[in-house]
Amino acid sequence: MVKPFNCFGGAFLHLHRRNHENLAPEMIGKAVISLVIFLVTVFITYSITTGGLGSGRFSTVGLKSQLSFFSLPKNDPPLPCRTGSPLRVFMYDLPKRFNVGMMSSKFAGYDNSPLNARNLPMWPQYAGLHQQHSVEYWMMASLLYENATVDESSEAVRVSNPDAADVFFVPFFSSLSFNTHGKNMTDPDTEIDRQLQVDILEILRESNYWQRTCGRDHVIPMHHPNAFRFLREEVNASILIVADFGRYSKSMANLRKDVVAPYMHVVKSFIDDDSPNPFKSRTTLLFFRGRTVRKAEGKVRAKLEKILKGYEDVHFEAGYATGEGINASTKGMRTSKFCLHPAGDTPSSNRLFDAIVSHCVPVIISDHIELPFETELDYSKFSVFFSVKEALVPGYIVEELRKVSEERWVEMWRRLKEIAHHYEYEFPPKKDDAVNMVWREVRSKVPAERLAVNRNRRLKVRDWW
């Protein structure tokens, strides 16, 4: 039987076991001393080469680096980093009616000219849902970025040879299609959305690369909860880019294969948030502005409105994502310590990401929410969580928030400032921004996808899992 190999000191342990009976006590002592000297030497060498020891002086920063050689300090969460080469992505060259043609009629007529970084139209300054669910645009744009092949910050690069691809990206703007073509679901224009889904499936089914894996290695954005709603089950096996799993069955979408991506925030990022005393300068304890009449789990909003009345330092207001409303939300979030994030029609909403880029500590009330980038980010370091049951106890939320010390709140505020760039969608893409983080999450799904494909190719009977 092959025994586990201990990478650190494995050879020494093996030698020690083999010669144990022949070693005199003094030789054992010498061996132990030699091991200690060896470990100290390795330790010092590692610290110097990684900057753990300062030049001619000892620093607390160096101490943290040295400690991490053996164990990760509990108070220092791991920072995101790219490992290995970028994800290789083959992007389908679709007619423009499936993507930028929906942004404006002037883009719909140039199907014969391939999209590239020079002719890619900029994302319009949409308000509301058009902007919030635009991850499909930013993922496509990142693959068109011409410097991606040499830019070390890029998590994904486009390849022209499909046989060299790790995954296949389908640049169908399914969220924009829903919002553009009859988003009320009863309009005659809804038929356009349905037909686009029929047409994209026809294209995919004719693809040899779709056929060989049943689409398991294909990446399809459907960030709006109603995106691709007519034929969603036909792409069940693919890696889906979603906002949450609120409108999906467990048999279709799950964390094993799919990626939760953040909404694009609507309020502007708080760039110059450098108050010497942010705790005192943010005079509102808890802030909420948004729609109060919602469905499903979102019904909690109307109940919270009643519970949170009467507090001088709590601001709870019904509002909409108009220009004036966004300005009011921006001001409110930047002057509040905590920002309330109850569920909407689905467990998540854009409000969470508006709070993050405003450095307003999110107060998340949901029993079923899934959060972006949770493989790398610990939300408990910069957010507060309540179950729906807890939130509906009169006075409970306010009482618990008042217990948060100034020191603890400042820690969360600083952490928000550190991680806010992970929620920025940009073009050209930047290191560790939202789209690069999404691609990194996609990469993490590839091993499970390959396992499923390879197992399926050799199975002679139905899977027993």
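Here is a friendly conversation about a predicted model and the reasons behind some of the terms used for it.

Visitor: What makes Cys 339 and Cys 360 a disulfide?

Guide: Their sulfur atoms are 2.1 Å apart, and a pair of cysteine sulfur atoms within 2.5 Å is called a disulfide, so Cys 339 and Cys 360 qualify. A search of the whole structure finds 1 disulfide.

Visitor: Why is the disulfide of Cys 339 and Cys 360 called right-handed?

Guide: The torsion about the S-S bond is about 105°, so this disulfide is right-handed. The pair links distant parts of the chain, 21 residues apart: Cys 339 sits in strand β9, and Cys 360 in the loop between α12 and β10.

Visitor: How do you know that Cys 339 is buried?

Guide: Buried means under 20% relative accessible area. Cys 339 has 2%, so it is buried. Cys 360, at 0%, counts as buried too.

Visitor: And why is Cys 214 called partly exposed?

Guide: Its relative accessible area is 49%. Exposed means over 50% and buried under 20%, with partly exposed in between, so Cys 214 belongs to the partly exposed class.

Visitor: Which residues of α5 and α16 meet?

Guide: From α5 come Trp 138, Met 139, Ser 142 and Leu 143, and from α16 come Val 435, Val 438 and Trp 439. By class, this contact has 6 nonpolar, 1 polar and no charged residues.

Visitor: What makes α5 largely enclosed by the rest of the structure?

Guide: 10 of its 10 residues are buried, so helix α5 is largely enclosed. Among them are Glu 136, Tyr 137 and Ala 141.

Visitor: Now the sheet. How do you know that β5 and β6 pair?

Guide: Two strands pair if there are at least two bridges between them. Strand β5 (residues 239-242) and β6 have 2 bridges and run parallel, so they count as paired. Ile 241 stands opposite Val 259 in β6.

Visitor: Why are β2 and β6 said to stand at the edges?

Guide: The open sheet of 6 strands has the order β2-β1-β3-β4-β5-β6, with parallel pairing. Strands β2 (156-158) and β6 (259-260) each have a single partner strand, so one side of each is left without a neighbour in the sheet.

Visitor: What are the partners of β1?

Guide: Strand β1 pairs with β2 in the parallel sense over 3 bridges, with Leu 87 opposite Ala 156. It is also joined to β3 by 3 bridges, again running parallel, and there the bridge partner of Val 89 is Val 167. Of the 5 residues in β1, 4 are buried. Helix α16 (residues 434-458) lies across the strands of this sheet, running at about 100° to β1.

Visitor: What makes the bond between Phe 427 and Pro 428 a cis peptide bond?

Guide: Omega is about 0° at this cis bond. Pro 428 lies in the loop between α15 and α16. Most peptide bonds are trans.

Visitor: Why does Asp 432 count as buried?

Guide: Its relative accessible area is 9%, and the cut-off is under 20%, so Asp 432 is buried. This residue is found in the loop between α15 and α16, with a positive phi near 60°.

Methods
Residues numbered from 1 in each chain as written. Predicted model: local features only at pLDDT ≥ 70, side-chain atom pairs only at ≥ 80, totals over all residues. Heavy atoms only, no water. Contact = heavy atoms within 4.5 Å. Axes fitted to C-alpha atoms, helices over the stretch in contact; angles between N-to-C directions. Nonpolar A, V, L, I, M, F, W, Y, C, P; charged D, E, K, R; others polar. Buried < 20%, exposed > 50% of the residue type's maximum accessible area, 1.4 Å probe, protein only.
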